[in-house]
Amino acid sequence: MDTQAILMDYIKKELMKGRNVDISPSDDLLGSGIIDSLGILQLVSFIEERFNFQVPDEDVVFENFFSVEALTNYLKNAQAAA
Amino acid sequence: MDFSWSDEQLTYRNAVIEFARKELSYDVMALDRDDQFPHDAWKKCANFGIQGLPFPEEYGGAEADIMTTMLTMEGLGYGCRDNGLIFAMNAQMWSVQMPILSFGTDEQKQKYLPGMCRGDIIGAHGMSEPDSGSDAYSLRTRAERVDGGYVLNGSKTFVTNAPVADVALVFASVNPARKMWGITGFLVEKGTPGFTIGKPIDKMGLRTAPMAELIFEDCFIPEENRLGPEGAGSNIFNDSMEWERSCILGSHVGAMERQIEEAVQYANEREQFGQSIGKFQSVANRIVDMKVRLETARLLLYKVAWLKKQGKPAVMEAALAKLYLSESFVQSGLDAIRTYGGYGYMTEFEVERNLRDAVGGMLYSGTSDIQRNIIARLMGL
């Protein structure tokens, strides 16, 4: 699976457990209620373990975590720069 | 699994216990009764190195790791009877100093950290509002972007250290539509036009840690006083909560240990029906339960610190430790009073104050209900 598919899979299976809502990679994760602030914390923990990449505190911002698409781009760029 | 501490770590713990017994043995009862902040003790702690413990040497700190820091705070809780002073120091160290170290610019670090480590600058942390407590990210304080900075409007409540603070780390939204992504941290200095500190708030316990409201009315904050990027406020807040939970709970462990030792001593000395009350199983069993709670709480806490030292996530473990330890401190306080009987209920025996101080622990840094919500979610419920 590529990064986007891994993130979509985690969000659907772990963070949206029990909720039958379709999401697309461009959906606003927080604004549309797909996940909440605790979900963001879980997502950061998941990324750090699954991709073996420490997300710097200052990178946990709207621009990088707005959607799965934004997060995928952020991870691609951040990992390339690391 | 290695449960041992290094000689250096134990030296820190023992040194702080000795320091606390020698230098912090003031009349806490009188300060508690009068809601007085112990300025001298704050300064003595800074001179000893408490406020600078985990901070880099270049800012006046000792660069101790989280395990050593937590163990030292445990020693402070054991040796110092003033839970309010310890709470006030924790409020500054983890909720103001650590965010400045993690998110601040070089200028912000140079401006505030050395003074805070020396005890010359006191910091406060403003997050809670009259209408947003557990739902912290629904805060109403606004930061409107203007030329050269921001204009803050709103208020903060339950702000520890506010009446004595020189600077406050305050959270406001630059974009309410973005919810938690709009929350941003600002360093607001005492005396800034439009910034006022309300009258001290009287409370049940931790009375030597002063508390007040912060009020912002068209308060201009220059851009260089923003902490971290716009929208990083929620992460600053979460980051500080993990440190705070680890270290403030460490002092609870120390206080509970002292409480148990004193309860054992009293139970052995106090005689009723021709024998020491500790010989009655109902009394002995109660003290045994205090000990079981202490040791299980200690293990939960050490695991959190160990995970953080490894750089691993500890959201679930921190919530478990916060929930169990804060509730255990309350139960330990009640059990101590039951052991002392009527004397435990009297202020002059300094037993009841621990219970009053402990109750706050079920509320600050995330209530017990919120900790249960976090644990349930992480369990997949």
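## Exposure and a bridge between chains

A residue is called buried when its relative accessible area is under 20%, exposed when it is over 50%, and partly exposed in between. The structure described here is a predicted model. Arg377(B) has a relative accessible area of 30% and is therefore partly exposed. Asp36(A), with 33% relative accessibility, also counts as partly exposed.

Arg377(B) and Asp36(A) form a salt bridge, in which the closest N and O atoms are 2.9 Å apart. This pair crosses between chains: Arg377(B) belongs to helix α12 (residues 368-378) of chain B, while Asp36(A) sits in the loop between α1 (3-15) and α2 (37-50) of chain A. Over all chains, the structure holds 28 salt bridges.

## Salt bridges within chain B

Another salt bridge joins Arg207(B) to Asp35(B), and its closest N and O atoms are 3.3 Å apart. The pair links distant parts of the chain, as the two residues are 172 residues apart. Arg207(B) is in the loop between β6 (195-197) and β7 (211-222) of chain B, and Asp35(B) is in the loop between α2 (28-34) and α3 (39-48) of chain B. Asp35(B) has 30% relative accessibility and counts as partly exposed.

The side chains of Glu223(B) and Arg226(B) also meet in a salt bridge, with an N to O distance of 3.4 Å. Glu223(B) is partly exposed, its relative accessible area being 32%. Salt bridges can also be linked into a network, and the residues in one such network are Arg13(B), Glu74(B), Glu257(B), Lys291(B), Glu295(B) and Arg298(B).

## Domains 1 and 3 of chain B

Chain B is divided into domain 1 (7-123), domain 2 (124-230) and domain 3 (234-378). The centres of domain 1 and domain 3 of chain B, taken over C-alpha atoms, are separated by 21 Å. Their contact takes 28 residues from domain 1 of chain B and 35 residues from domain 3 of chain B.

The size of an interface is often given as the accessible area lost when the parts come together. Between domain 1 and domain 3 of chain B, the buried area is about 2,900 Å², and carbon and sulfur atoms give 63% of that area. Five salt bridges are found across this interface. The interface also has 14 residue pairs in polar contact, both residues at pLDDT 80 or more.

Which helices supply the side of domain 1 of chain B that touches domain 3 of chain B? At least two residues each come from α2, α4 (66-79) and α5 (83-103) of chain B. The largest share of this side, 11 residues, comes from α5(B). By type, the residues of this side of domain 1 of chain B divide into 17 nonpolar, six polar and five charged.

## A buried serine in chain A

Ser67(A) lies in the loop between α3 (62-65) and α4 (68-81) of chain A. Its relative accessibility is 3%, so Ser67(A) counts as buried.

Which residues does Ser67(A) touch, not counting residues up to four places away in sequence? They are Pro25(A), Ser26(A), Asp27(A) and Leu29(A). With Pro25(A), the distance between its backbone oxygen and a polar atom of the side chain of Ser67(A) is 3.5 Å.

Note on methods
Residues numbered from 1 in each chain as written. Chains lettered and ligands numbered in written order. Predicted model: local features only at pLDDT ≥ 70, side-chain atom pairs only at ≥ 80, totals over all residues. Heavy atoms only, no water. Salt bridge = Lys/Arg side-chain N within 4 Å of Asp/Glu carboxyl O. Helix = DSSP H or I, 4+ residues; strand = E, 2+ residues; numbered from the N terminus. Buried < 20%, exposed > 50% of the residue type's maximum accessible area, 1.4 Å probe, protein only. Domains from an automatic or database assignment. Contact = heavy atoms within 4.5 Å. Buried area = accessible area lost by both parts, 1.4 Å probe. Polar contact = N/O pair within 3.5 Å; in protein donor to acceptor, adjacent residues only side chain to side chain. Nonpolar A, V, L, I, M, F, W, Y, C, P; charged D, E, K, R; others polar.
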